[in-house]
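Look at the sequence and the model side by side.

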Amino acid sequence: MDSLTPQLGQIVKVLRGKDPGEYAVIVGIVDSRFVWLADGDIRKFDQPKKKNLSHLQLQESISSEVESSIRETGRVTNGKLRYAISKFVDIMQVEAHEKGD
């Protein structure tokens, strides 16, 4: 799954750095190695964190709301980022619960 190409609005899990285990959303792509991340809470859209892709685990989930907002206006609200992450975490918890973990 790590070989996926990062996309705007994609949810990622931070593996290394100050907040391992946290989820964030890709709000910008620098090059083939780095992306800009924001979570709408601690890391706001106006102050994204530049992260090395090797320190991230790309998730299959891409928030269409975040992606279209960035493409249309060049930005996204922090509320939308928080919503995208909470929706993703809720789905993960439901799937884990269904598997009986």
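Helices (H or I, at least four residues) and strands (E, at least two) are DSSP runs, numbered from the N terminus. Just after helix α1, Gly74 takes a positive phi of about 85 degrees. The model is predicted, so local features need pLDDT of at least 70, side-chain atom pairs count only at pLDDT 80 or more, and totals for chains, interfaces and linings use all residues. Residues are numbered from 1 along each chain as its sequence is written, and side-chain values use heavy atoms, with hydrogens and water left out.

Now turn to the helix itself. In α1, which runs over residues 64-73, the buried residues are Val66, Ser69 and Ile70 (buried means under 20% relative accessible area, exposed over 50%, partly exposed in between, with a 1.4 Å probe and protein chains only). They cover an arc of only 95 degrees around the axis, which puts them on the same side of α1; the arc is that of the directions from the helix axis to the C-beta atoms. Arg71 and Glu72, on the other side of α1, are exposed. What do the buried residues of α1 pack against? Their partners are β2 (23-29) and α2 (78-99), where contact means heavy atoms within 4.5 Å.

The structure holds one aromatic pair. Rings of Phe, Tyr and Trp (its six-membered ring) pair if their centres lie within 6.5 Å; planes under 30 degrees apart count as stacked, over 60 as edge-to-face and the rest as tilted. Tyr23 and Phe88 form an edge-to-face pair, with 5.2 Å centre to centre and 70 degrees between the planes. Because Tyr23 lies in strand β2 and Phe88 in helix α2, the pair ties together parts that are 65 residues apart in sequence. Both Tyr23 and Phe88 are buried.

His55 is placed in the loop between β4 (49-52) and β5 (56-62). Is His55 buried or partly exposed? His55 is partly exposed, with a relative accessible area of 27%. Leaving aside neighbours within four places in sequence, His55 is in contact with Lys13, Val14, Leu15 and Arg16. Val30 is 25 residues from His55 along the chain, and their C-alpha atoms are separated by 15 Å.
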